[in-house]
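Here is a short report on a protein model.

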Amino acid sequence: MLDNSNISSLLSGCRKNERNSQKELYNLLRGFAMKICYRYTNAMEECEEIVNEGFVKLFKNIHQFDETRQEDTLLSLKGWFKRILINTCIDHYRKTNSSVNGHVLTHESETIADQGETGIDMLSYKEIIESIRMLSPAYRAVFNLFVIEGLSHEEISQTLGISVGASKSNLSKARDNLRKLLQNKNIIKAYVSPR
């Protein structure tokens, strides 16, 4: 693993637009970026497009990153880059789903019951992420922003340009759909398992 001085050297090279430094930083952070963007898309090509757009923003704005802010430079860089990636995913979502907003992101009841999650402990991380990616774009975006990124419904409302009620409704529906998807995976898994 690279230490702070190596990361600082890479960042310095990136600030000078040195291609080798940019390539090395890209290779260092690509897997990290793919995991984040993969949660927001349902096509690998789309994910790679968003990741590459995120790297363009990172290199364009690298002079704004303060590497002295935390003791661990790589951890601090990952946190800063994660915010860029999430914003890029949201921008991509808005651009590709603007025609859906009137139909999927509606003002619906906020009183949809949320039942407890079942069977998740039997599933792998990959199966859970695959199930999240099967949600509609509107549900997936709200689910990721609320559950994984920790945004409030008010923040999601402002970020996606929807009402707080629509955010709550879409989260509830996303959880319900995800629960059904995961339960179906468990039924299939239990049925074909040679136990």
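How are helix 7 and helix 8 oriented to each other? The model is a predicted one. In it, helix 7 (residues 137–148) and helix 8 pack at an angle of about 135°, and their axes are 10 Å apart. Angles over 145 degrees would count as roughly antiparallel, and 65 to 115 as roughly perpendicular. Helix 7 and helix 8 are therefore oblique to each other.

**The fold as a whole**

The chain has nine helices and zero strands. Read from the N terminus, its elements run α-α-α-α-α-α-α-α-α. Of the 195 residues in the chain, 41% are buried. Among contacts in the chain with a separation of 6 or more, 71% come from residues 24 or more positions apart.

**Two helix pairs**

The crossing of helix 7 over helix 8 is right-handed. On the helix 7 side, the contact uses Ala141, Val142, Leu145 and Phe146. On the helix 8 side, it uses His153, Ile156 and Leu160. By class, this contact has six nonpolar residues, one polar residue and no charged residues.

Helix 8 spans residues 153–160. Its buried residues are His153, Ile156, Ser157, Thr159 and Leu160. An α-helix has 3.6 residues a turn, so residues three or four places apart point the same way. After helix 8 comes glycine 161, with a positive phi near 75°.

The second pair is helix 1 (residues 4–15) with helix 2 (residues 19–38). They pack at about 125°, with axes 8 Å apart. Helix 1 and helix 2 are therefore oblique to each other. Here the crossing is left-handed. Helix 1 brings Ile7, Leu10, Leu11, Gly13 and Cys14 to the contact. Helix 2 brings Ser21, Gln22, Glu24, Leu25 and Leu28. By class, the contact of helix 1 with helix 2 has six nonpolar, three polar and one charged residues.

**Aromatic pairs**

How many aromatic pairs does the count come to? With ring centres within 6.5 Å as the rule, the count comes to four. Two of these pairs are tabulated here.

| Pair | Centre distance | Plane angle | Class |
|---|---|---|---|
| Phenylalanine 55 and phenylalanine 81 | 4.8 Å | 55° | tilted |
| Phenylalanine 65 and tryptophan 80 | 5.4 Å | 45° | tilted |

Why is the pair of phenylalanine 55 and phenylalanine 81 tilted? Planes under 30 degrees apart count as stacked, and those over 60 as edge-to-face. The planes of this pair stand at 55°, so the pair is tilted.

Phenylalanine 55 lies in helix 3 (residues 44–60) and phenylalanine 81 in helix 4 (residues 73–97), so the pair ties together parts that are 26 residues apart in sequence. Phenylalanine 55 has a relative accessible area of 2%, so it is buried. Phenylalanine 81, at 0%, is buried too.

The pair of phenylalanine 65 and tryptophan 80 also links distant parts of the chain. Phenylalanine 65 sits in the loop between helix 3 and helix 4, and tryptophan 80 sits in helix 4, 15 residues apart. Phenylalanine 65 has 6% relative accessibility and counts as buried. Tryptophan 80, at 22%, counts as partly exposed.

One aromatic cluster is formed by Tyr26, Phe55, Phe59 and Phe81.

Key. Residues are numbered from 1 along each chain as its sequence is written. This is a predicted model: local features need pLDDT of at least 70, side-chain atom pairs count only at pLDDT 80 or more; totals for chains, interfaces and linings use all residues. Side-chain values use heavy atoms; hydrogens and water are left out. Axes are lines fitted to C-alpha atoms, for helices over the stretch in contact, and angles run from 0 to 180 degrees between N-to-C directions. Helices (H or I, at least four residues) and strands (E, at least two) are DSSP runs, numbered from the N terminus. Angles under 35 degrees count as roughly parallel, over 145 as roughly antiparallel, 65 to 115 as roughly perpendicular and the rest as oblique. A crossing is left-handed if the near helix is turned anticlockwise from the far one by less than a right angle, and right-handed if clockwise. Contact means heavy atoms within 4.5 Å. Ala, Val, Leu, Ile, Met, Phe, Trp, Tyr, Cys and Pro count as nonpolar, Asp, Glu, Lys and Arg as charged, and the others, Gly among them, as polar. Rings of Phe, Tyr and Trp (its six-membered ring) pair if their centres lie within 6.5 Å; planes under 30 degrees apart count as stacked, over 60 as edge-to-face and the rest as tilted. Buried means under 20% relative accessible area, exposed over 50%, partly exposed in between (1.4 Å probe, protein chains only).
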